[in-house]
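Please read these notes with the structure open beside you. Take the points in order and find each residue as it comes up.

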Amino acid sequence: MNLGNNERRMLKVMLSDSNRKWTLSELLEATGWDDQVHVAGAGKGLQEAGMVDIQESTSRLASLGEEGKRAVKEGLLESRLWDWIRNASEEQRNMGALMSSGFDRSETGPGIGILKGLGVEIASGNLIFSNGDEITKEIDRRADFINSLTNSPVELTVLDEDMTSHFSSRGGLLEFEEITTRAWQLTKSGKSVDESELIENQLIGELTPEMLQTDSWMGAEFKPFDVQAPAPTPVGGRRHPMQSLIERIRSVFLEMGFSEIDGDYVQSAGWNMDSLFIPQSHPARTMQDTFYLDRPSKVEVEDSYLDLWARVHEHGHDTGSRGWGGEFDKDESQRALLRTHTTVNTVRHIADNPSKPSRVFGIGRVFRQETIDRTHMPEFHQIEGIIHEPDANLPMLISTLKTFYAKMGYPDVRVRPAYFPYTEPSAEVDILWKGEWLELGGSGIFRPEVTEPLGTEWPVCAWGMGLERLAMLILGLDDIRQLYQPDLERLRKMPLL
Ligand code: PHE
């Protein structure tokens with residue numbers, strides 16, 4: 001007999017009570033299968049072999065719609081109106097009082113229609129009826145009908161026909177669905193099968209060398225592969241998306257001939273700001289914007305630099321500038337802070353290598369006292385870089401940034417005039433994203449007030465870009481916090497960069 005294991009099992013079960021019409025749940029229980037597709041599949045096979053008859057019947061079920069569920073909770077519209085009418089005094093029983101009694105406008109219209117159908121009349125605005133008891137009875141019958149559907153769908157054949165047709169003409173109260181039920185029954189030929197033949201073959205899931213050598217596989221049944229079977233997606237470790245973005249940026253700059261530098265989070269105000277000719281009275285230097293430290297509260301700065309910055313800030317020294325005027329405070333210069341930008345690393349690099357041409361970049365964390373919201377965090381990263389060489393110039397700066405963003409996948413870059421205390425000219429850098437220009441950072445040529453105290457005679461192209469904004473674009477996020485929440489589910493779904 002050419003039956004598969006499932007067919008054999010189902011046939012054996014059915015032979016245990018060979019005249020019975022089996023329902024789906026009976027077959028599931030008797031076979032021990034947990035999925036009805038096995039019953040459907042084996043039943044079909046047995047039907048094709050002429051051993052089983054399948055009888056299908058359809059039935060219509062009624063259940064409560066949205067309005068129906070509401071009626072169970074709050075009462076049918078006619079019940080609520082009728083309660084109001086019965087509780088109202090004679091003088092109150094009129095349309096005017098009803099309208100102002102708290103019923104929604106959308107209810108009073110249809111409500112009156114329903115009451116009229118029950119025998120309530122309206123005469124010059126008054127609500128009149130003579131058969132109160134009958135109205136109460138009919139309304140109770142309707143409420144009982146609706147309540148009887150509360151728990152589960154009910155077959156139409158057992159429901160009161162008048163009620164069903166009344167409520168189906170009122171929108172949203174009832175819903176109908178059709179279901180098909182099947183029953184399986186053995187045919188004559190099915191009943192004649194000898195039960196002892198129905199041994200389930202051992203299914204071979206995996207062929208072993210022994211099976212091949214001993215021929216034991218011959219005549220055996222092979223377990224089919226189910227390529228549709230749901231299987232868990234294996235999750236292995238992976239880099240955090242921010243880390244892989246940093247790696248990518250790193251390799252782009254390395255490819256462009258840049259070397260990487262880094263520096264400490266804790267810096268002196270002098271290197272973070274004075275060296276960049278940011279006036280000591282600049283608003284960004286206040287406590288609200290900068291994290292000053294208590295421990296250490298001071299970071300020492302070499303006297304030679306303090307002297308140079310003091311002269312440049314006070315009167316321009318010999319940079320051709322008039323400086324900011326006022327008195328330079330060397331203690332202020334040595335206050336400890338968390339770096340507010342990575343430009344502190346590039347100026348330090350120039351100071352340490354004043355006569356060595358260099359192209360360097362760094363990707364690092366910076367700190368500012370920002371209120372956390374969709375686009376701001378008190379810690380974020382900057383992509384910083386400089387070109388320091390005799391012929392450095394503005395077109396070189398712009399083409400370098402264009403090349404960088406093109407390699408990252410954003411070929412449309414534009415620069416706009418901007419202002420920073422330490423560059424001249426200064427430019428804001430935007431990239432085109434879905435038809436919109438997005439600002440990603442600042443750039444420019446360092447002013448002589450910056451470069452001369454550092455000991456160089458060459459121009460310096462400099463830039464500092466936001467990393468998180470770029471990451472949000474690439475990852476399609478609209479909230480910067482999503483980058484750092486330890487939500488493994490979301491992180492797993494982020495694209496590999
Ligand atoms: N340091 C600036 C910032 O934090 C960016 C910048 C760097 C601007 C270098 C000009 C030159 O926004």
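**Notes on the predicted model**

1. Leu207, Leu212, Trp217, Met218 and Phe222 make a nonpolar patch of about 480 Å². One of these residues, Leu212, sits in helix 11, which spans residues 209–214. Leu212 is partly exposed, at 48% relative accessible area. Keep in mind that this is a predicted model.

2. Two bridges tie it to strand 2 (residues 52–64), and the two run antiparallel. Across this pairing, Ala62 is opposite Val154 of strand 5.

3. Move on to strand 12, residues 358–367. Is this strand mostly covered or mostly open? Mostly covered: eight of its 10 residues are buried. Strand 12 pairs with strand 13 (residues 379–388) through 10 bridges, in the antiparallel sense. In that pairing, Ser358 is opposite His388 of strand 13.

4. Strand 12 also pairs with strand 9 (residues 259–260). Here two bridges join the strands, and they run parallel. Ser259 is opposite Val360 of strand 12. Trace both pairings and check the direction of each strand.

5. Now turn to helix 5, residues 77–87. Its buried residues include Leu77, Glu78, Trp82 and Ile85. What do the buried residues of helix 5 pack against? They pack against helix 6 (95–99), helix 7 (105–118), strand 4 (126–128), helix 8 (132–147) and helix 9 (161–168).

6. Salt bridges come next. The whole structure holds 33 of them. Begin with Lys44 and Glu48, whose closest N and O atoms are 3.8 Å apart. Both are in helix 3 (residues 36–48), and because they are four residues apart, about one helical turn separates them. Lys44 is partly exposed, at 47% relative accessibility. Glu48 is exposed, at 62%.

7. Compare that pair with Arg142 and Glu78. Their side chains form a salt bridge at 2.7 Å, N to O. This pair links distant parts of the chain: Arg142 is in helix 8 and Glu78 is in helix 5, 64 residues apart. Is Arg142 buried or exposed? Arg142 is buried, and Glu78 is buried too.

8. A further pair is Arg348 and Asp352, which meet in a salt bridge at 3.3 Å, N to O. Both belong to helix 16 (residues 343–352), four residues apart, or about one turn of the helix. Arg348 is partly exposed, with 27% relative accessible area. Asp352 is also partly exposed, with 47%. Elsewhere, salt bridges with shared partners join Glu78, Glu138, Arg141, Arg142, Asp160 and Arg170 into one network.

9. Check the backbone at two prolines. The peptide bond from Arg295 to Pro296 is cis, with omega near -5°. Pro296 lies in the loop between helix 13 (269–272) and helix 14 (303–315). Glu424 and Pro425 are also joined by a cis peptide bond, with omega about -5°. Pro425 lies in strand 15, residues 423–433.

10. Finish with positive phi values in residues other than glycine. Ser124 has phi near 35°. It is in the loop between strand 3 (121–123) and strand 4. Phe277 has phi near 60°. Its place is the loop between helix 13 and helix 14.

11. Is Ser124 buried or exposed? Ser124 is exposed, at 76% relative accessibility. Phe277, by contrast, is buried, with a relative accessible area of 2%. The cut-off explains the label: buried means under 20% relative accessible area.

Definitions and conventions: Residues numbered from 1 in each chain as written. Predicted model: local features only at pLDDT ≥ 70, side-chain atom pairs only at ≥ 80, totals over all residues. Heavy atoms only, no water. Pairing = 2+ DSSP bridges. Patch = residues over 30% accessible without salt bridge, like charges linked within 9 Å, V, L, I, M, F, W, Y side chains within 5 Å. Areas by Shrake-Rupley, 256 points an atom, 1.4 Å probe, with all protein chains shown as cover. Salt bridge = Lys/Arg side-chain N within 4 Å of Asp/Glu carboxyl O. Buried < 20%, exposed > 50% of the residue type's maximum accessible area, 1.4 Å probe, protein only. Contact = heavy atoms within 4.5 Å.
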